[in-house]
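Here is a short briefing to read alongside the structure. Keep the sequence handy as you go through the points.

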Amino acid sequence: MRMLLISERNSRGNGEVNGRLINQTRLSMAVRFLSPLRKIIAMGYGRHNKKSAFNMAVADLMHNAIEGLYPALTVNPQKVRLTKGGLLCPRRPSPLRITDKLTVTFDPEFDELSGFGDDEVIVCAYNPDIAVAGINEEKCLRRDGALELQLPVQLADTPVMVYLFARDRSAKRYANSAFLGVF
């Protein structure tokens with residue numbers, strides 16, 4: 001004789017998925033995606049301690065960047081924010097990757113209300129599948145108009161998501177990060 005299932009931890013009797021399971025999955029996806037980027041998030045989420053900054057970034061990702069219906073949830077990298085703030089992000093960025101070299105050109109112009117020529121421009125190359133991220137070691141200023149990176153060995157032969165953002169000379173104000181694409 002078969003047994004009638006009347007209770008199960010992760011589902012309801014009517015076949016609907018438990019909302020808690022969906023939220024746990026969304027949280028797990030957000031933490032997994034952002035964990036390799038903790039250093040950037042700690043810098044770019046401003047006036048918070050590192051733990052609070054990471055929690056805010058996770059919450060932003062869960063609310064804005066996870067798409068689809070359970071169990072086919074995905075992270076939309078275009079909607080992921082690594083940094084946030086009122087500084088102007090470099091305009092008209094144009095990335096180009098040739099083998100293990102990544103070049104990003106951008107408009108060196110700025111408006112003095114929300115950016116300056118000596119703002120630092122930072123490019124992040126990230127592959128979430130292998131959990132490796134890197135940023136430019138050498139300082140690049142907005143007025144330079146271009147940045148060339150040698151990708152590390154771990155990222156040299158894999159596709160990378162490229163993000164761009166700026167911070168002011170005192171490293172206190174940040175621009176919202178911009179997703180430039182997968183290269």
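## A strand enclosed on both sides

Eight of the eight residues of S5 are buried, so S5 is largely enclosed by the rest of the structure. Here buried means under 20% relative accessible area, exposed means over 50%, and partly exposed lies in between (1.4 Å probe, protein chains only). Helices (H or I, at least four residues) and strands (E, at least two) are DSSP runs, numbered from the N terminus. This is a predicted model, in which local features need pLDDT of at least 70 and side-chain atom pairs count only at pLDDT 80 or more, while totals for chains, interfaces and linings use all residues. Residues are numbered from 1 along each chain as its sequence is written, and side-chain values use heavy atoms, with hydrogens and water left out.

**Overall layout**

- The protein has four helices and nine strands, and their pattern along the sequence reads α-α-α-β-β-β-β-β-β-β-α-β-β.
- The C-alpha trace spans about 75 × 35 × 25 Å along its principal axes.
- Of the 183 residues in the protein, 40% are buried.

**The sheet around S5**

- S5 is covered on both faces: Glu-120, Ile-122, Cys-124 and Tyr-126 are buried on one side, and Val-121, Val-123, Ala-125 and Asn-127 are buried on the other.
- An open sheet of four strands runs in the order S6-S5-S8-S9, with antiparallel pairing; two strands pair if DSSP finds at least two bridges between them.
- S6 and strand S9 (178–182) are the edge strands, each with a single partner, so one side of each has no neighbour in the sheet.
- On average, neighbouring strands of this sheet are turned by 20 degrees against each other, direction ignored. For such angles, axes are lines fitted to C-alpha atoms, for helices over the stretch in contact, and the angles run from 0 to 180 degrees between N-to-C directions.
- Strand S5 (residues 120–127) pairs with strand S8 (residues 161–167) in the antiparallel sense over seven bridges.
- Within S8, Leu-164 is the bridge partner of Val-123, and Tyr-163 is the bridge partner of Cys-124.
- S5 also pairs with S6 in the antiparallel sense, over four bridges, and Ala-125 stands opposite Gly-134 in S6.
- S5 and S6 form a hairpin with four residues between them, and Ala-131 in the turn has a positive phi of about 55 degrees.

- The largest pocket has a volume of about 280 Å³. On a 1 Å grid over the protein atoms alone, a pocket is an open set of points with protein on both sides within 12 Å along at least five of seven lines, and lining residues have an atom within 4 Å of a point.
- Ile-135, Asn-136, Glu-137, Leu-149 and Gln-150 are the closest to the centre of the largest pocket, out of the 14 residues that line it.
- Strand S6 (132–135) and strand S7 (146–150) are the elements that give two or more residues to that lining, and S7 gives the most, with four residues.
- The lining of the largest pocket divides into seven nonpolar, three polar and four charged residues. Ala, Val, Leu, Ile, Met, Phe, Trp, Tyr, Cys and Pro count as nonpolar, Asp, Glu, Lys and Arg as charged, and the others, Gly among them, as polar.
- The second largest pocket holds about 240 Å³ of space; of the 14 residues that line it, Gly-46, Arg-47, Lys-84, Lys-172 and Arg-173 are the closest to its centre.
- By class, the lining of the second largest pocket has five nonpolar, five polar and four charged residues.

**Cysteines**

- The structure holds zero disulfides, a disulfide being a pair of cysteine sulfur atoms within 2.5 Å.
- Cys-89 is in no disulfide, and the nearest cysteine sulfur, that of Cys-140, is 12 Å away.
- Cys-89 counts as buried at 16% relative accessibility, and Cys-140 is buried with a relative accessible area of 3%.

**A contact across the sequence**

- Thr-25 has its place in helix H1 (residues 19–34) and counts as partly exposed, at 22% relative accessibility.
- Thr-25 and Pro-71 are 46 residues apart in sequence and 8.5 Å apart in space, C-alpha to C-alpha.

Key. 1 Å grid on protein atoms, 1.4 Å probe; cavity = no way out; pocket = protein on both sides within 12 Å on 5 of 7 lines; lining within 4 Å. Points joined across faces, edges and corners; volume = space filled by probe spheres on them.
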